[in-house]
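Student: Could you take a close look at a single residue for me and tell me how it sits in the chain? Start with the whole chain, then zoom in.

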Amino acid sequence: MAKLYFRYGVMGSSKSAQALITKFNYEEQGMRVWLLKPAADTRNGVGKVYSRIGLEQAADAVTAEMDLFHIFRDREREFNDVIIVDEAQFLQPAHVEQLRDIVDYYNVPVFCFGLRTDFRTRMFPGSARLFELADSISELKTVCTCGGKAMVNARIDEKGHIITEGEQFLLGGNESYRPMCYKCWKRAQEKTGEDA
C-alpha cells in the first residue's frame, strides 16, 4: 500500500540530497520517477533540484495554480511509479491534498522533502498540511554549532545578527540562514538585541 511521506529538517540536513538519492534508488530498480519542485524556489534555477554536495537533477516546476492530481491522471503512463517533491514547504495546501489523492486513488508513493518551520519557528502552510495528511513523518537531523540538535532555520543579516521580523518567504542559503538549536537561537536573539 502506497503512502504519503514527509521527511523534514532544517537547512543543512541533506533534504535535497536525500530526495535525489531516493530518486536514484527507484530508478535503479527500473521505476519511473516524477520529480517536482515548487516554482517559487528559484535559487538554483526554476525546475532544478540542487544539493549543496553537488547533486542536481531537472524537475518539473509546480506553480500555484497547477492541479497535480489532474496532471498525473492525464499523464499517468509517463510517471506512475513514484513521485518525489523537493522544497515541499513551498507547496500550496491544495497541492498536498492532490498528492494525497494520487496516493489513495493510484497507489503511488509520494515522498515530500522540506522544511517544517520558517525563521520565526512558524510552520509553512505546505508543511502544516503535510503534517496533517502524511502517513509517515520523519525528521532528517543536523547539528547546531554547539553540538545540539538543530531545529531552527535562523535567518541572519550580513553581520551575522539574528532576524526575527520579515516576510516568511526569503530565498537564501548559508549567507542568509544558519541551522541552530532553540537555546542558541534564543541566546543569539538576546545578543542581537543588546548589540542594537
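Tutor: Accessible areas here come from the Shrake-Rupley method with a 1.4 Å probe, and for residues only the protein chains shown count as cover. On that basis the chain exposes about 10,000 Å², with carbon and sulfur atoms supplying 48% of it. Keep in mind that this is a predicted model: local features need pLDDT of at least 70, side-chain atom pairs count only at pLDDT 80 or more, and totals for chains, interfaces and linings use all residues. Residues are numbered from 1 along each chain as its sequence is written, and side-chain values use heavy atoms, leaving out hydrogens and water.

Now for N153. You'll find N153 in strand β9, residues 152–156; strands are DSSP runs of E, at least two residues long, numbered from the N terminus. N153 counts as buried because its relative accessibility is 3%. What does its side chain meet? One polar atom of the N153 side chain lies 2.8 Å from the backbone nitrogen of M11, and the backbone oxygen of T117 is likewise 2.8 Å from a polar atom of that side chain. Setting aside neighbours within four places in sequence, N153 is in contact (heavy atoms within 4.5 Å) with V10, M11, L115, T117, D118, F119, Y177 and R178.

Conventions. Helices (H or I, at least four residues) and strands (E, at least two) are DSSP runs, numbered from the N terminus. Buried means under 20% relative accessible area, exposed over 50%, partly exposed in between (1.4 Å probe, protein chains only). A polar contact is a pair of N or O atoms within 3.5 Å; within protein, one must be able to donate a hydrogen and the other to accept it, and residues adjacent in sequence count only if both atoms are side-chain atoms.
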